[in-house]
Amino acid sequence: MEYNLQIFHQILMQGFKVNMAINVSIMNLQQLNFTDKVIASLARWNIPPSNLILEITERGFLVDSEESNWNIENLSGKGVSFHIDDFGVGFTSIGNLRKFRIRSIKIDRSFITDLTKDEMSYSVVNCVISMAKAFGIETVAEGIESWDLFEPLRTMGIDYFQGYAVSQPLSYNELIPWMRNYKLP
C-alpha cells in the first residue's frame, strides 16, 4: 500500500483528478491496526481518504469478524471507499451493500465475457446494473478484452470499464503519457 500511495501522490501532483483502487485481503482487514496504518499512509502522502478505494472480493465480505467489520466501518467513516471485486460469483447480501456503504461493484468477468453470446449473462449483468443504480452504487465491468462489449454495457448503464481493451498494465512512466492522451473510442 505504501508504494502504491507514493506513486498515487506523484500522479495527483501531475494534476490528474483520479482515485486509486488497491486490493486488500480479509487478512489485512482482520489486523487490529489496519485502519491506523491506512490513515497514517494517506496522511504521509497527503492524499485525501476519499481518493482511496479498497477492493475486497465478494468472498471476503462473507467473513463476519469483529476486526474486519470494525476496520471497514471506520475506514468508510473516514471517507475511504470499499468496492466489491468479482461481484456475482459469491454470496454478497444486499444488507452488506448497505451496512458497509459499498460505493462500487466490479461485475465478474465471467458474466461480461459472454454478454453478447449468452442471454443469461446479459440478463444477470443488466439486473446487477439496475440494482446498483437503485442503491446509488457505481458499476465496473471487468474483463473488457475488446470494444465490441463497450456499447452494450454503456447502454445498460455501466460506469467504468476495466480490461486489456482499455489498456494493458502500465508502469508509472508509461501511465502518465497514457493518461494525458487517452480517449474512449
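Guide: About 1,600 Å³ of space lies in the largest pocket, a pocket being, on a 1 Å grid over the protein atoms alone, an open set of points where a 1.4 Å probe fits, with protein on both sides within 12 Å along at least five of seven lines. The model is predicted, so local features need pLDDT of at least 70 and side-chain atom pairs 80 or more, while totals for chains, interfaces and linings use all residues. Residues are numbered from 1 along each chain, and side-chain values use heavy atoms, without hydrogens and water.

Visitor: Which element supplies the largest share of the lining of the largest pocket?

Guide: The lining residues, those with an atom within 4 Å of a point, number 39. The largest share, 5 residues, comes from helix H1.

Visitor: Is Ser104 buried or exposed?

Guide: Ser104 lies in strand E4, residues 104-107. Buried means under 20% relative accessible area and exposed over 50%, with a 1.4 Å probe. Because its relative accessibility is 1%, Ser104 counts as buried.

Visitor: Which side chain does the side chain of Ser104 join in a polar contact?

Guide: A polar contact is a pair of N or O atoms within 3.5 Å, one able to donate a hydrogen and the other to accept it. The side chain of Ser104 reaches the backbone oxygen of Glu138 at 3.4 Å. At 3.5 Å, the side chain that Ser104 joins is that of His83.

Methods
Helices (H or I, at least four residues) and strands (E, at least two) are DSSP runs, numbered from the N terminus. Grid points are joined across faces, edges and corners, and a volume is the space filled by probe spheres set on the points.
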